[in-house]
Amino acid sequence: MANQSELLPRESLLWIFAAQFAALLPQFALLPLWIVCAWAFAVYWRLEVFRGRRDLPGRAVKLLVVALTVGGLALSYGRWFALEPMVALLAVSFTLKNLELVSRRDAFLSLLLAYFVAATLFVYEQTIPYALYGTICVVVITAALAAQLGHFSARPRRALGLSLRLLAQAVPLMLLLFIVMPRLGPLWAVPQNKSGASTGVSDSMTPGDFTRLSKSDKPVLRIAFDGPVPAPEQRYWRGLVYSDFDGRRWSQGFGVDPREGGVVRWSGREQSLPEVGPRYRYRVIQESTNNPWLFAMARPISDTRGVGETSDDRIIKRGPVYSRFAYEVRSWPRETLTDVRELDDFQHRRNLQLPRGGNPRTRAWADEFRASGLDAEEISARVLKFFNRSFTYTLKPPALGVDSIDEFLFGSQQGFCEHFAGSYVFTMRAAGVPARVVAGYQGGEWVDQEEYLLVREYDAHAWAEIWIAGRGWQRVDPTAAVSPERIRDGLQNAAAEEFMADSLLPLHRIGILNRLRLEWDMVNYRWYQAVVSFDSDKQQNLLKKLLGEVSPLRLAAFIAVPVALALIGILLWLWFSGRGRRLPPASRLYQKFCRRMARAGIARRPGEAPRDFARRVRVEKPALAPMVELITAAFEKAAYGEDPAAQKQLRRLLRQWSPGANFMFLKTVGAGRIATGE
Amino acid sequence: MQKLISAIVADIGKVLLGKEHQVKLALACLLSRGHLLIEDLPGMGKTTLAHALAQVLGLSYKRVQFTSDMLPADILGVSIFERDSGQFRFHEGPVFSQLLLADEINRSSPKTQSALLEAMEERQVSVDGETRQLPEPFFVIATQNPLHQSGTFSLPESQLDRFLMRISLGYPTREAERALFLGVDPRAQLQQLKPRIDVAALKKMQSLVGQVKASESLLDYLERLVLHTRQSPECAVGLSPRGALALLHAARAWALIHGRGHLLPEDLQAVLPSVAGHRLQGESGDGIQLVERLMRQVDIIAA
């Protein structure tokens, strides 16, 4: 047992528990429930110890508890080397430390651990609300640390005030470290959660089945352009190409994914760059999708590390996008490119592939086109015309049977982009034109004076590409033939009635809410741009912009100069605040007079009154006496009689006189002019 | 006014030779409505000074010689049953006078001392449950023998604090003493002193004291002096706010005596030993030495 005087007082304990609660609160949602119970249990036990009803647990109990928690973790997670079990382990050991909370040293240990636990929050989320919460955590934990100093400092206002003051003082240091601290890569990689469901665009589409069109307004992409901006009808963000159709389901097909041997050029530099410069340069910030697909306009090249281009003009990431990911893209629109090669045999066959049987009406219809000897563009125009004539765009199409294409084209004639794109590609293939379905996003909404384009999940779209000899792949959007407003104005406007029809409140109709949502998205975007995505590249760039060239000397100066300035500021402040009030003018003048007298060899003693000093001057330096007496009289009237005229007179006297030039003055002014006071 | 004051000082100077400074201090003390404590050896002219002051200022004067067996009633007065009227009648004690000379106050017991000191502070006495006002003005000039003399009860600090000033007269100069030998008996002269002013004029003079101007610069100096007594390690006890106020009042009276409408640092310095000497306590040595160091160390112009 520790020395009695070291035992933690009540307010120390309460502060520690408050800090622990603050640090653990966001984890409670992520961790298994029994860890919350473990924390509550540990706190309860410790409080019982404080009340003297129980002893701190002995070795056997502690061992038992450790065994239980390890078992619990093993049961809850099943695997060890992943992020969540590690965080859970930290949280559990943190809570169990309460059972050993005896001395002040333990309190400090627990609170320092609390900082670490609070920081693990950012492993999951780095958005503004979490950052704010993290700040609050730090304030509370620091207050708890401050409260350990004794009863007086444990009062909430005082502890929090001290904490806020300390942290405010640390802000400049934080900013400095944020800018100059080298961004090291992780020392070890903890596998992240891969089980999260993928959202938005998936690796296949099945138009005939239950409609899976996302109505979520969650942001997916934020695209900021550097230079020209594509026209709205050009904004097709390609993510996936479906070449394989099994009669119901469109999918990528074997050998496209790099994991299956798909060819990916991982560095843009290796690629022969097109002669014409890129039309568009932009930066995409993509929310986590748990898939490796990235989204870009046709013919993209990306210099971002870990991003490669595929042969079907997409870009993909080496690993899945588990957290927000930003990449730079340059896009060459296809019509600007001249290096069109012939479609090779494999590609030719792949993009004409159709299932062996099924959909006879469509095949027959397509055979008519083939027989009529039309070229690809004419066939496409005919099909689109057909769509335009008798189809409706709806978000709630009926489910389709076995021959889904037949049923759609000649039966229901209602559907959305997947239906149109799928049946169009099927028809084209049947007519002998190589075609494929492309999935991704279309459109986007400008945020804050076109600072960036916000693409949401409901902007997901599917369209088609057909091969035209000599011109290469050309984008065709069958949906545009049916519902041009879907492409021009976006889903929300095109299907306004259906859109969110099942949502409880028609919130999307309230303009101000939409604007606020966009504003909030903008704030988030800036936050991500400025803070979260501040990696070593950005750091280098910023330092280069600030310093011109990053050298140790300049970096040292960059750190030392603000620190020196701050220290000088503090010094000046101390000096000025320590000097107290400024003296009244008369006293300052008299001080000046005293300094001159001191230089002339006769210094006033601190406690010597002006008149006594004048008397002493008369004895020791009679030559100076008349003038000194005049000055003394003027000073007494100015300083103690508060006579402004005397102050002016004193100023005049001092301006014209110095002990060295004594006689000159007496001649010019004459003593008689100056009243002697009494 | 100035002439009147110099005349008063000169009159007392005729009786108390060569003690002009002390006379002025005593006068300043009375003008600022304070009580005066004179500490000196017997035979130095304490009583003479008090008597001369009363005479010149035209005040009713009573003298009490304090002894160790004195009771409060001896000062305050007693109610006595009178057979003629069949009633108790209050016989006023010596405290009911305008100027009371409490001679050798430290020879009486603390109980008696405190009875007088209460009257000094409240300017009223309570006897038999009845509160009686003391005459206006009311001054006490107390004398005490140096503490090392036998048969003395030293006044506690709280009671010393009631006295605005403590002065000591000291031996006369050679010339003064020679004049004393040659001249007529001071006691005879004392009888010849005529009142220079009446009570109304004295009150007017007292009200003038409050009008003496104290400038910012001077108050700064006062502040520095007071602060120094509180912060200096030499002083065990600093100057209380009452002490600081007493210093300011006394300095104002001093400035008035010297015919000035505003205070000078010299005024503070002149009264400082008398006002602060008995209020300060040093780790070692007397309050007076402390005050002298204080005056030397605290700058008049700036901190």
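R436(A) and E465(A) form a salt bridge, with the closest N and O atoms 3.0 Å apart. A salt bridge here is a side-chain nitrogen of Lys or Arg within 4 Å of a carboxyl oxygen of Asp or Glu. R436(A) lies in strand 14 of chain A and E465(A) in strand 17 of chain A, so the pair ties together parts that are 29 residues apart in sequence. Helices (H or I, at least four residues) and strands (E, at least two) are DSSP runs, numbered from the N terminus. The model is predicted: local features need pLDDT of at least 70, side-chain atom pairs count only at pLDDT 80 or more, and totals for chains, interfaces and linings use all residues. Residues are numbered from 1 along each chain as its sequence is written, chains are lettered from A and ligands numbered from 1 in the order in which they are written, and side-chain values use heavy atoms, with hydrogens and water left out.

R436(A) counts as buried at 3% relative accessibility. E465(A) is buried too, with a relative accessible area of 1%. Buried means under 20% relative accessible area, exposed over 50%, and partly exposed in between (1.4 Å probe, protein chains only). Both residues belong to a network of salt bridges, which also links R238(A), R299(A), D313(A) and R334(A).

Strand 17 of chain A spans residues 460-468. Of its 9 residues, 9 are buried, so the strand is largely enclosed by the rest of the structure. In a regular strand the side chains alternate between the two faces of the sheet. Both faces of strand 17 of chain A are covered. A460(A), A462(A), A464(A), I466(A) and I468(A) are buried on one side. H461(A), W463(A), E465(A) and W467(A) are buried on the other.

Strand 17 of chain A pairs with strand 14 (residues 435-442) of chain A in the antiparallel sense, over 7 bridges. Two strands pair if DSSP finds at least two bridges between them. Y441(A) has A460(A) as its bridge partner in strand 17 of chain A. Strand 18 (residues 472-476) of chain A also runs antiparallel to strand 17 of chain A, joined by 5 bridges. There, A464(A) stands opposite V476(A). Strands 17 and 18 of chain A form a hairpin with 3 residues between them. In the turn, G470(A) has a positive phi of about 85 degrees.

An open sheet of 3 strands in chain A has the order 6-9-10, with antiparallel pairing. Strand 6 (264-265) and strand 10 (315-317) of chain A stand at the edges, each with a single partner strand, so one side of each is left without a neighbour in the sheet. Strand 6 of chain A pairs with strand 9 (residues 307-310) of chain A over 2 bridges. R265(A) has E309(A) in strand 9 of chain A as its bridge partner.

Over all chains, the structure holds 38 salt bridges. One of them joins the side chains of R283(A) and E328(A) (3.1 Å, N to O). This pair links distant parts of the chain, 45 residues apart: R283(A) in strand 7 (residues 280-286) of chain A and E328(A) in strand 11 (residues 325-331) of chain A. R283(A) counts as buried at 15% relative accessibility, whereas E328(A) is partly exposed at 37%.

In chain B, D161(B) forms a salt bridge with R242(B), the closest N and O atoms being 2.9 Å apart. D161(B) lies in the loop between helix 6 (157-160) and strand 9 (163-167) of chain B and R242(B) in helix 11 (residues 241-257) of chain B, so the pair ties together parts that are 81 residues apart in sequence. D161(B) is buried at 13% relative accessible area. R242(B) is partly exposed at 38%. T143(B) lies in strand 8 (residues 139-144) of chain B and is buried, with a relative accessible area of 0%. The C-alpha atoms of T143(B) and E39(B) are separated by 5.6 Å, although the two are 104 residues apart along the chain.

The surface of chain A carries a nonpolar patch of V66(A), V70(A), W80(A), F81(A), M86(A) and L89(A), with about 540 Å² of accessible area together. Patches are made of residues with over 30% relative accessible area and no salt bridge; like charges are joined within 9 Å, and nonpolar side chains (Val, Leu, Ile, Met, Phe, Trp, Tyr) within 5 Å. Helix 3 (59-77) and helix 4 (83-96) of chain A each give two or more residues to the nonpolar patch. V66(A), in helix 3 of chain A, is partly exposed at 42%.

Note on methods:
Accessible areas come from the Shrake-Rupley method with a 1.4 Å probe; for residues, only the protein chains shown count as cover.
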